[in-house]
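Here is a short briefing on one protein model. Keep the sequence and the 3D view open as you read.

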Amino acid sequence: MRLLIVEDEPALLKSLKKGISEEGYAVDAALTAEEGRFFLKGGAYDLVLLDLMLPDGSGYDLLHETRRKKSQVPVLILTARASEGDKVKGLDAGADDYLTKPFSFAELLARIRALLRRGPSPRPVVLSHRDLRLNPATREVCLRGRDVALTKKEFALLLLFMRRPGEAISRTDITEKAYDFESDRDSNVVDVHVKNLRKKLAPNDPEAYIRTMRGIGYALK
Ligand code: CA
């Protein structure tokens, strides 16, 4: 079993490497995102322990890149960040588990064993509807096998529709669910994003995928 640790605190990295090696695992250690990227390119790992705040970038980005390259290596995030939002963001980005610092070494080993037992798991749930595919972890959208480039808001909108296919979703609901973190709550904004999304999905047939529900809102057909 081969593990990669990406952690920028030298003392912590050293003690993790030592402790985990003593359990019989082969361990590579990276102090920066760049080093982590280098190791990931070269090696087949059974597990990656990943710190989020690295001097030259974010662990999230490294995780995104890794998943985009279709790697299914289990990733355990190690970080001082403890907020619910960060945890959700990490798991959404394709992490398998999350451990907040400071943690006990015994607990870390238990989580490592659990992830190694499980092995690489199929990456979450690509949502599909008709000839559309959406991967929430990599944020990729494909239409008939071709990538569709969406803005963040268009992506959020399509994700909401694809989670509730066929259902009429009101503008208010869309603003609340898809634009949770946006200050702009004008419902015309929703219409504009719907219009742009429709154009990208079917330039010549606005209602091919998203139907207008008069007096209510929109629905994915
Ligand atoms: Ca750090």
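Is Glu207 buried, partly exposed or exposed? Glu207 is partly exposed, at 32% relative accessibility. Buried means under 20% relative accessible area, exposed over 50%, and partly exposed in between (1.4 Å probe, protein chains only).

This is a predicted model: local features need pLDDT of at least 70, side-chain atom pairs count only at pLDDT 80 or more, and totals for chains, interfaces and linings use all residues. Residues are numbered from 1 along each chain as its sequence is written, and side-chain values use heavy atoms, with hydrogens and water left out.

**Salt bridges**
- A salt bridge is a side-chain nitrogen of Lys or Arg within 4 Å of a carboxyl oxygen of Asp or Glu.
- By this rule the count is 17 salt bridges.
- Glu207 pairs with Arg198 in a salt bridge, with the closest N and O atoms 3.9 Å apart.
- Arg198 is buried, at 13% relative accessible area.
- Lys101 and Glu7 form a salt bridge (2.9 Å, N to O), and both are buried.

**Calcium site**
- Donors are N, O and S atoms within 2.8 Å of the metal (3.2 Å for Na, K and Ca); water is not among the atoms, so sites may look incomplete.
- The protein donors of the calcium ion are Asp8 (OD), Asp51 (OD) and Met53 (O), 2.1 to 2.4 Å away.
- Asp51 is buried, with a relative accessible area of 3%, while Asp8 is partly exposed, at 25%.

**Around Asp96**
- Asp96 is buried, at 14% relative accessible area.
- The backbone nitrogen of Val75 lies 2.8 Å from a polar atom of the Asp96 side chain.

Technical notes:
A polar contact is a pair of N or O atoms within 3.5 Å; within protein, one must be able to donate a hydrogen and the other to accept it, and residues adjacent in sequence count only if both atoms are side-chain atoms.
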